[in-house]
Amino acid sequence: MENALVKQENQLMEVRKDDNKKILFTLDLTKEENVDKLLASQDKENIKYVKDNVGKIINCIGVYITRRTFEDTNQDGEVINRKKHATLLFDADGSIYVTGSNNFYNSLDFICMLKGWPTEENPMKLKIVESDAEEKGHKWLKAVIVKEDK
């Protein structure tokens, strides 16, 4: 199958962008099996939730991120633009993990800014962790990189 998208090594590729939505990925969509993985992510039976897998280590071979901009108001009543992220992680074992947590996205983005984005050629071991927020009883999801034992 031919695909017009060109993959850039170890970077997020922009698939689609409009006024308030941007879709980014690292999967090589010139490969039919990766297109099938992405299509499978649309079926709830194939998805695991990040929040239900705290402590799990994912051998991440790809990410798919949807970023949406929306208007909100701050405490002073001023209209501000906020960003909301949906993040899909593709595990080498075929599992797909999803979260809408902006904190999880931000932690992943920070890791990848320093280490590069995970790809099939350069997988990344990520651990799902949870930490206490300042608000009592609230928890934050986040990704941390797992160092390889040498």
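Me: Which strands each supply at least two residues of the lining of the largest pocket?

Reply: Keep in mind that this is a predicted model. To read a pocket, go through its lining residues and see which elements they sit in. Here strand E3 (47-49), strand E4 (57-73) and strand E5 (79-91) each give at least two residues to the lining. E5 has the largest share, with 3 residues.

Me: Which residues line the largest pocket, and how much space lies in it?

Reply: The space comes to about 280 Å³. As for the lining, go and click on Ser41, Gln42, Asp43, Lys44, Ile47, Tyr49, Tyr64, Thr66, Ala86, Thr87, Leu88 and Val98.

Me: Okay, on to strand pairs. How many bridges join E7 to E8?

Reply: In a regular strand, side chains alternate between the two faces of the sheet. In this model, E7 (residues 124-132) and E8 (residues 139-145) run antiparallel and are joined by 7 bridges.

Me: What phi does glycine 137 take in the hairpin of E7 and E8?

Reply: A positive one, near 90 degrees. That hairpin has 6 residues between its strands.

Me: Now the surface. Is methionine 113 buried or exposed?

Reply: Compare the relative accessible area with the cut-off: exposed means over 50%. Methionine 113 has 58%, so this residue counts as exposed. You'll find methionine 113 in helix H2 (residues 102-115).

Me: Which residues make the nonpolar surface patch?

Reply: Phe110, Met113 and Leu114 make a nonpolar patch of about 370 Å².

Technical notes. Residues are numbered from 1 along each chain as its sequence is written. This is a predicted model: local features need pLDDT of at least 70, side-chain atom pairs count only at pLDDT 80 or more; totals for chains, interfaces and linings use all residues. Side-chain values use heavy atoms; hydrogens and water are left out. Patches are made of residues with over 30% relative accessible area and no salt bridge: like charges are joined within 9 Å, nonpolar side chains (Val, Leu, Ile, Met, Phe, Trp, Tyr) within 5 Å. Accessible areas come from the Shrake-Rupley method with a 1.4 Å probe; for residues, only the protein chains shown count as cover. A salt bridge is a side-chain nitrogen of Lys or Arg within 4 Å of a carboxyl oxygen of Asp or Glu. Helices (H or I, at least four residues) and strands (E, at least two) are DSSP runs, numbered from the N terminus. Buried means under 20% relative accessible area, exposed over 50%, partly exposed in between (1.4 Å probe, protein chains only). Two strands pair if DSSP finds at least two bridges between them. On a 1 Å grid over the protein atoms alone, a cavity is a set of points where a 1.4 Å probe fits but cannot get out, and a pocket is an open set with protein on both sides within 12 Å along at least five of seven lines; lining residues have an atom within 4 Å of a point. Grid points are joined across faces, edges and corners, and a volume is the space filled by probe spheres set on the points.
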